[in-house]
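Try each task before reading its solution.

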Amino acid sequence: MTLTLIFKPQLSKNGGLSVWEPAGAPKWLELFNPTEFFANVVIEHEYVECTASAIQSLVVFKKLYPGHKKNEIDNCITNAVRFIEDMQMLDGSWYGNWGVCFTYGTWFALGGLVDAGKNYHNCLPIRRGVEFLLKSQRDDSGWGESYTSCSTEKHIPLEGNSSNLVQTWWTLMGLLHSGQAERDPTPHHKAAKLLIIPKWKMEITGSFIKNCMIH
């Protein structure tokens, strides 16, 4: 049953997975969006986060039941990897639909690609994603991204060169997925020292449909 729920949404030719039902309706239907501030709510869309999470689930399933639906699972993972790589932005990041924003999406994308068997040395998208995260590190050694990135679809740092606790954790996990600690642990060590300092204030880190934000 669980495998069916994963396979069924992946009927899109691009290999991505959606949330509720297979994506495939023409995108021009979004022109009939009756809301004033919700975006992309008329038709179903594929998402990097859903796709990466499905890859990770299928990889675990393969280890537990190596002979069950092997071809279907392998094809699903291959197509999902292609989708994630195709969705990478020019700056090396991935747009996140359920969190703020490119920090969140890049964390998921790196985890999915690595669990699918890719690594920093054999996968250019992973190297580009890592470069994006490292370049985004703030002067205080943390990471911070503004919620305005969601609506503008462009990475916008937090004002005042400040960092965000949650986004710093997301980034560290993404870098750990990629093996950054083995290449150069310095960014991790600096960020870890920052995380133990009780100076954090709450920032918006959750989002959905581009314009709805969650603390």
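**Exercise 1.** Find which residues make the nonpolar surface patch of about 320 Å².

*Solution.* Leu 165, Val 166, Trp 169 and Met 173 make this patch. Patch members have over 30% relative accessible area and no salt bridge; nonpolar side chains (Val, Leu, Ile, Met, Phe, Trp, Tyr) are joined within 5 Å. Trp 169 has a relative accessible area of 44%, so it counts as partly exposed (buried is under 20%, exposed over 50%, partly exposed in between, with a 1.4 Å probe and protein chains only).

The model is predicted: local features need pLDDT of at least 70, side-chain atom pairs count only at pLDDT 80 or more, and totals for chains, interfaces and linings use all residues. Residues are numbered from 1 along each chain as its sequence is written, and side-chain values use heavy atoms, without hydrogens and water.

**Exercise 2.** Count the aromatic pairs and classify two of them.

*Solution.* There are nine aromatic pairs. Rings of Phe, Tyr and Trp (its six-membered ring) pair if their centres lie within 6.5 Å; planes under 30 degrees apart are stacked, over 60 edge-to-face, the rest tilted. Take Phe 61 and Tyr 65: 5.0 Å centre to centre, 40° between the planes, hence tilted. Now take Tyr 104 and Trp 107: 5.8 Å and 75°, an edge-to-face pair. Both lie in helix α4 (residues 102–115), three residues apart, about one turn of the helix.

**Exercise 3.** Are Tyr 104 and Trp 107 buried or exposed? Which aromatic cluster holds them?

*Solution.* Both are buried. Tyr 104 and Trp 107 form one aromatic cluster with Phe 108 and Trp 170.

Key:
Patch = residues over 30% accessible without salt bridge, like charges linked within 9 Å, V, L, I, M, F, W, Y side chains within 5 Å. Areas by Shrake-Rupley, 256 points an atom, 1.4 Å probe, with all protein chains shown as cover. Salt bridge = Lys/Arg side-chain N within 4 Å of Asp/Glu carboxyl O. Helix = DSSP H or I, 4+ residues; strand = E, 2+ residues; numbered from the N terminus.
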